[in-house]
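Please walk me through the side-chain packing of this protein. I would like to follow its rings, its charges and its nonpolar cores.

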Amino acid sequence: QLQLVESGGGLVQPGGSLRLSCAASGFTLGYYAIGWFRQAPGKEREGVLCMKSSGTSTFYADSVKGRFTISRDNARNTVYLEMNSLKPEDTAVYYCAVKMGTLTSVQRMCVIGLADYWGQGTQVTVSS
């Protein structure tokens, strides 16, 4: 069974940092494009960061450029979202997602939510 499980969410103060994990089972995560998305209450889902399997192409939403980064640990079949300089507007449920098959544009993956499998989400709250 193919599955993605996020973890690492929680409450953090503005300016703080948090690292989210996305662990895959049933398939090899490193073969596919991976994306992180978020959805705040009352708002549409936003593609935060998407990366091709090769790591050669990464799309960042303007709202997180310079603050969020993505990395993979292929040995652990896990992807991480490192979030720094967090702001209250970063508060949302964060999801990881995988796109299998051919992907021509990571921007397209992020902007329209082009993915085949999604995790269940993890809550991130930025508040003092």
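The charged end of R19 sits over the ring of Y80, 4.1 Å from the ring centre. R45 lies over the face of F37, at 5.8 Å from the ring centre. A charge sits over a ring if NZ of Lys or CZ of Arg is within 6 Å of the ring centre and within 35 degrees of the ring normal.

This is a predicted model, where local features need pLDDT of at least 70, side-chain atom pairs count only at pLDDT 80 or more, and totals for chains, interfaces and linings use all residues. Residues are numbered from 1 along each chain as its sequence is written, and side-chain values use heavy atoms, with hydrogens and water left out.

Now the nonpolar cores. A nonpolar core is a set of buried Ala, Val, Leu, Ile, Met, Phe, Trp, Tyr and Cys residues joined through side-chain atoms within 4.5 Å. Buried means under 20% relative accessible area, exposed over 50%, and partly exposed in between (1.4 Å probe, protein chains only). The largest core has 29 residues, and I34, F68, M83 and Y94 have the most contacts inside it. Strands β3 (18-25), β4 (33-39), β5 (46-51), β7 (68-73), β8 (78-83), β9 (92-99) and β11 (122-126) each supply at least two of its residues. Strands (E, at least two residues) are DSSP runs, numbered from the N terminus. A second, separate core of 10 residues includes L103, V106, M109 and A115.

Take F68, in strand β7. F68 counts as buried because its relative accessible area is 1%. Leaving aside neighbours within four places in sequence, its contacts (heavy atoms within 4.5 Å) include V48, L81, M83 and Y94. The C-alpha atoms of F68 and R19 are separated by 9.5 Å, with the two residues 49 apart along the chain.

Last come the ring pairs. Rings of Phe, Tyr and Trp (its six-membered ring) pair if their centres lie within 6.5 Å; planes under 30 degrees apart count as stacked, over 60 as edge-to-face and the rest as tilted. By this rule there are four aromatic pairs. F27 and Y32 form a tilted one, 6.0 Å centre to centre with 55° between the planes. Y31 and Y32 pair edge-to-face, at 6.2 Å and 75°. F27 is buried, at 11% relative accessibility. Y32 is partly exposed, at 22%. Y31 is exposed, at 60%. Ring pairs link F27, Y31, Y32 and Y117 into a cluster.

How values were computed: Helix = DSSP H or I, 4+ residues; strand = E, 2+ residues; numbered from the N terminus.
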